[in-house]
Amino acid sequence: MDAIKKKMQGMKLEKDNAMDRALLCEQQARDANARAEKAEEEARALQKKIQTIENDLDQTQEALMQVNAKLEEKDKALQNVSTLCNTRFSKIEQVPTLVIVWNREKEKEVDLR
């Protein structure tokens, strides 16, 4: 009889230990699930942030392309104006020489008369 009681106490002790281990494992599983859920939530938040940043990048790149196109137009206009100014300046520089030549020709005409 004592052997049966000891055996039953041993089995009860094993059962209690198994129940404690099961409760511990269940708690660890709940904790792991909570951490996984939190990590998934953080991943979703980061994904949303990445999407927002990518949208901002797309908009900024589009704005940059538009500004670069305008800059190229302005640069071409500046080159055209610069060329025009250089041509006119060159002609203006020739005016004194032309006036001198013209005056000499007039003097020759006057001398010939």
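## Salt bridges around Asp16

In this predicted model, the side chains of Lys15 and Asp16 form a salt bridge with an N to O distance of 4.0 Å. Lys15 is partly exposed, its relative accessible area being 49%. Asp16 also meets Lys12 in a salt bridge, here at 3.3 Å from N to O. Because they share partners under the salt-bridge criterion, these contacts join Lys12, Lys15 and Asp16 into one network. The count of salt bridges comes to two.

Asp16 and Lys12 both belong to helix 1, where they are four residues apart, so about one helical turn separates them. Asp16 has a relative accessibility of 29% and therefore counts as partly exposed. Lys12 is likewise partly exposed, with a relative accessible area of 49%.

## A negatively charged surface patch

Four glutamates, Glu37, Glu40, Glu41 and Glu42, gather on the surface in a patch of negative charge. Glu42 is located in helix 1, which comprises residues 2-112.

## The annotated coiled-coil region

An unreviewed UniProt entry carries the annotation "coiled-coil region" for residues 1-77. In the model, the chain over residues 1-77 is 99% helix and 0% strand.

Terms used
Residues are numbered from 1 along each chain as its sequence is written. This is a predicted model: local features need pLDDT of at least 70, side-chain atom pairs count only at pLDDT 80 or more; totals for chains, interfaces and linings use all residues. Side-chain values use heavy atoms; hydrogens and water are left out. UniProt positions are given in the numbering used here, feature names are shortened, and annotations may be inferred rather than shown by experiment. Helices (H or I, at least four residues) and strands (E, at least two) are DSSP runs, numbered from the N terminus. Patches are made of residues with over 30% relative accessible area and no salt bridge: like charges are joined within 9 Å, nonpolar side chains (Val, Leu, Ile, Met, Phe, Trp, Tyr) within 5 Å. Accessible areas come from the Shrake-Rupley method with a 1.4 Å probe; for residues, only the protein chains shown count as cover. Lys and Arg count as positive and Asp and Glu as negative; His and the chain ends are not counted. The place of a charge is taken as NZ of Lys, CZ of Arg, CG of Asp or CD of Glu. Buried means under 20% relative accessible area, exposed over 50%, partly exposed in between (1.4 Å probe, protein chains only).
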